[in-house]
Structures are given as structure tokens and as C-alpha cells.
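Subject: Structure handover

Hello,

I am handing over the structure below, followed by notes on what was found in it. Please read the notes with the structure open.

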Amino acid sequence: MSCLLIIIFAIEYKRILIMSKKSCCYCIPPVPIDFFTNTNRTLVAVTFAITANELLEIANDAFSETYSIQNGIVFVYLQQVFKVLLIGLRYYPILAAVYIDTLPSLILGAFYVWIQFPMTVIDQGMCQPRYYDTAAQRMNETYLNVLLNYYGTGSFLIIIDLLTDIPRYLCLSYIIIELPRKIRAKFMRKEHSENNDQTQEEQVLLSVVEPNSVEMMYLRNLFQWNSNRQVSSNRWIYEWRNDFRYSSRILCLYSSIFLFLYFVLIQVCVQVVPYMDQLQQLLQTIIDDFRGSRSTHSIPLFVRPFLLAVISGSVIIVIQLLLLLASIRRNLFQVYRGDDSEIPRRNRSNYMTYATGNFHFAGYLIAYVLWGLMMIVVFMFILFLFIDILISFRLFPVIESILKQIIPVVLFAYFKTYLNKFLARFAFLQDDGNVLAMKNRQILMIFLYFNFYLDAFLGLFSSIRRLLQGVIGGIFYMCRLDYSPLGRKLETWDDGFSAYCGFLHTECTHRHPILLLFTAHLLVMNKKKSKSICITNPLAIEGDLRMHNEEKIQERKRQIIRKWQMIVFLIRNPLFVFYRKAYFKQFHSVENYLIPWRNNLHVNRILIQRLHSV
């Protein structure tokens, strides 16, 4: 049914192109979503969130040991890829209907939703229980017995199964309600005749020139001081800005990640806790057999540290994702204005890398979040278990003896660090550290001579601390694609950071507010010119001539204002001077003048430096 609707939508989209006089020679299916826009973001994000549980079930089947051994790894991989494509085809008609946004497409999309989704609810709610009866056909019987022995045969697992399905049913309900609401809005809204010859892409582009659009707000804020911009009062939580909106791709990605984390955490807590109890009993038995009757201590329960580790790991991952969301906006603004303080500047030789990185951005982020959650949970579990063992066995004398050996070295290292800061500020830097210029040069040279040998021993402590900070920072910042654990010089070797840079540069190329405003302005002028050509009434022509003379006077005034605004803009954004047409004309004229001297090495070096400056 979904394939039939896709064919119908392709014909409908072809009809729209013919009506707008932009017909192509072949019929292509409409895109399900334009990831570079921010239209219909909520509906699209909810649709993507529904697929999180289905993708998790496919991953569970792929990593199932018995299932993989019986069918072969290659066959299982191809089968899971085919299931993913089926999921994409199932939700393709819904997104395509919303993207086309015509009355026939919305009616067909609502009809498809009202047939497909109730069948999905019935199938998931009645035919596929996860932990009872038919679950033995998919799970190992030993594993099922472990769950039933630990949780019992009561209603606990049914409640867990219901909690797993509730978010998906809520998303399905929203889509079922939203599509009829859009149909009703289509009937109630009277469309202007001038919009009948516009495609969906043109309508989205023309919405940019509206006075309250995000792009127009961005342009206005370029000529305002920071104190005059509209920001939120709770800046320590999130600084809201009226000149930025996240694209549909970011909202789809985050909705999928959060619902995916919800399903993963439920499955981890339900399926791993029984094995933690068994592991604790097994270790206790081994210790009792090894020590015999002398064993007086019992191993603390593993369930409590594990649940605390899962909760703390989830909180850390959510905080990191929110910080990443703020970093995406900050880095996009930096790329907009050509600031390369955090993100490397765009280079022509890396365009292929940016394109492939943009392809991998969403998948890499989901995988990094999952691996980051697993490593943080393991790290926090070891930490909480160590604290629990320390308190239960009362190992404070052992810890005290270890600290007696470590604390003097740590105190001496920190004393040396603060002593260097004190001497640098008050003894060797001018103006108490406010000027990077040395004074007392003779004393400084003597101090550097003796400090040369002393820091060699402190470097051992610093190297251990550097290694620990790198490991712990890599664990806690695994899901942050905007930070590379390899450092600034080797950050291009990091696939996650390269994907993040590719995403940002691609977003800047297609969603730059100034670019969209300029393109929309050209489209509006083209529409006005095409309408003026169609006018044949003499009275209308005379009125147009009068209006044309008045517009020339106003255009002269606006031209003077634009020149002053351009001066202010170039003063505040000096990098854009190199992208102006006058600069390129001057550069090419000098280049043509120097053609006879191209074999001169000195001249070629100057030309290369000039190109790199551009």
C-alpha cells in the first residue's frame, strides 16, 4: 500500500510542477522531508521518534547469538538492512503527504494513517508479547526462565511492556490527529490566487522575506548591539534567540535519540538486573569455597550500584546532549560569520570530506551516544561498587595508607604550580600579569636554570594525570561530536568530529540567513517582473510608469542607506571583504597582468599567498 501511495504522490507532484510551469521530462517521487528547512518540524520529529523502538528490536535480532549462528552473519546483516528499508517505506507516504501539502495528498496520507497505525497497535499489543508465551520462540528458554524466576509471573513484566509501548502509542495518536487537522485547515483557509503557481520550495523560500521570519531577525540583529537583542532571562539554562531555529534534521535526530535511550534503559534495567543478582551470588559462593569457614563478610549487592550507575549515566548523557545542542547553534553562528576559533575554516580540498561527513552525522551521533552511555554506566558502576565495598568491608585503614603515600606528592605538585603562578604574576611579568613582557631578566634566567631539572620529576605526575584525564574525558565526552579527544592538530583524524564539521559546513552553505534572504529577494523581483510583462491595459501601464518613477526616487534613497549599512557590516565582519565582487575583480586583473611573469618563482609565491588569503 505504501508503494502505491508513493507512485500516486509522484504523479501528484508531477501535476504541481506542470501547473507551476516547472515541469521536468520524467516523473520522480517527492522527497519525504527537506532537512534544510524548519517546516512541519514537530510532525516530522514525532514520525522519526516512532522508528526508535523498531530499530532497537532489529538490533536485538541482529546481535542475538543463536539467531546469528543459525542463519549466518552475512544473511542476518542483509536481512536487517532489508527490514530498515521496509521501515523507511512504511513511513515514507506520511512524510511525503505533509511535504506536498495539497488536499489530495493530505487526504490520502490521513487515509493511510487511519488504516496502517491501528493495525500496528493491534499487532504490537496483542500478537507479540515480549516476555510471555510466544516470546519463547524468539528468546532463549534459559534467559526467559531467569527473568520469570527473578520477577515472578505476576504483572510486573506486563507493566514494563506497557511502559515500553506508551510513548510509541502517543506518537501514533499525535500523527492520527494532526493529519485531519491539516486537512481541516486546508478547507478553512482561502488560498490566494497568486500562490497557485508556486511550488512547495518556492513557498518556503518566499516565507523568508516575511518581517518576523528568523532570517529577517538575523539580518536585523547584525546592525544592532548585543544589548539590544532579544534573549531569554534564564540564560544559565538556555539563551533563547529570535534569529535562529534548528533545522528539521536536528529535531528528528534528537527525538529519535531520546526515545531510543528510553527503550534502551528499560531493556537494560529489566534484562541485566537478574544477571547482576546471579553474578553476586556466584562470586559469594566462590569466596566462601576459597576461604571456607573463615569467611565472615558477604559481597554487597550488585543491583544497587548498577541502578545508580544507570541513573547517573542517563543524566550525564542527557546533559551532554543538551550542551551539544547549544554548541551546534554557537558553532553555526561562528561558521556564518567566518570565525574559525572552534571549527576549522572551510577548505576547497575537503569538500568531499564535508559531504561524506554530513552523510554520517546522524548515524554517528546515535552510535556514539549508545557507546558513551555504556562506558559511563560501566565506569560509574565500578566507582559505586568500590564505594560500597569500601563502606561494607570498612577498608578505611587501607585507603588511609595509600593516601599517605599519594597526598605528599600531590600537595608538592600543586604547591609548585601555585608558586609558579605567584612568581609569574608578581616577580616576572610586568604590570602584575596584565602585560606579556618579562622583567627581572637575570633572576628569571637563574630560576629557569634550576626549574629545568625540577620539572622533570613533576612531569611524571603530570603525565599520569594527563593519561587519566584523557581516559575519563574520552568516556564522558564520547557523545560530544563537537569535541575531539585527539586534540586540535589531530582532530581531522576523528571521524565523529569530521562528520560534525561536514554537517556544519553543509548547513551553512544551504541555510545561511543572508543567502536565503538574497535568493528570496531575487525570486520576488523575478515574480514582479514576470507579472509586469503580462500587463496590457494602457491605464495600468500608465500607473505602472508613475509608480516606477516614484520607486526610482525611493530606490536612490535606499541605495544610500544600503551603502552605509554595508560599511558598518564590513567593519563588524571584516572577513566578508575578501568575498566581495570588487576584490575578485581586482585580484583577476592583477593575475592577468602578471601572466608574462608566471615562471617567476617569487611572483608565483605571491599569487599562492593571495589565493590562500581568499
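In which helix does asparagine 358 lie? Asparagine 358 is part of helix α12. Please keep in mind that this is a predicted model.

Asparagine 358 has a relative accessible area of 10%. The cut-off for buried is under 20%, so asparagine 358 counts as buried. Leaving aside neighbours within four places in sequence, asparagine 358 is in contact with Arg249, Ala499, Gly502, Phe503 and Thr506.

Helix packing

Helix α12 covers residues 351–393, and helix α15 covers residues 495–511. The two pack with their axes 7 Å apart, at an angle of about 120 degrees. That angle makes α12 oblique to α15. The crossing of α12 and α15 is left-handed. On the α12 side, the contact is made by Tyr354, Gly357, Asn358, His360, Phe361, Tyr364 and Tyr368. On the α15 side, Asp495, Gly496, Ser498, Ala499, Tyr500, Gly502, Phe503, His505 and Thr506 take part. Sorted by class, the contact of α12 with α15 has seven nonpolar residues, eight polar and one charged.

Helix α12 also packs against helix α14, which spans residues 441–476. Here the angle is about 125 degrees and the axes are 8 Å apart. This makes α12 oblique to α14. Gly372, Met375, Ile376, Phe379 and Met380 of α12 make the contact with Ile472, Ile475 and Phe476 of α14. The residues of the contact of α12 with α14 divide into seven nonpolar, one polar and no charged.

Cysteines

How many disulfides does a search of the whole structure find? The search returns zero. Two of the cysteines can be described by their accessibility. Cysteine 269 has 24% relative accessibility and therefore counts as partly exposed. Cysteine 501 has a relative accessible area of 6%, so cysteine 501 is buried.

Whole chain

The secondary structure of the chain comes to 19 helices and two strands. The chain has 614 residues, and buried residues make up 35% of them. Of the contacts in the chain with a separation of 6 or more, 74% are between residues 24 or more positions apart.

Regards

How values were computed:
Residues are numbered from 1 along each chain as its sequence is written. This is a predicted model: local features need pLDDT of at least 70, side-chain atom pairs count only at pLDDT 80 or more; totals for chains, interfaces and linings use all residues. Side-chain values use heavy atoms; hydrogens and water are left out. Axes are lines fitted to C-alpha atoms, for helices over the stretch in contact, and angles run from 0 to 180 degrees between N-to-C directions. Helices (H or I, at least four residues) and strands (E, at least two) are DSSP runs, numbered from the N terminus. Angles under 35 degrees count as roughly parallel, over 145 as roughly antiparallel, 65 to 115 as roughly perpendicular and the rest as oblique. A crossing is left-handed if the near helix is turned anticlockwise from the far one by less than a right angle, and right-handed if clockwise. Contact means heavy atoms within 4.5 Å. Ala, Val, Leu, Ile, Met, Phe, Trp, Tyr, Cys and Pro count as nonpolar, Asp, Glu, Lys and Arg as charged, and the others, Gly among them, as polar. A disulfide is a pair of cysteine sulfur atoms within 2.5 Å. Buried means under 20% relative accessible area, exposed over 50%, partly exposed in between (1.4 Å probe, protein chains only).
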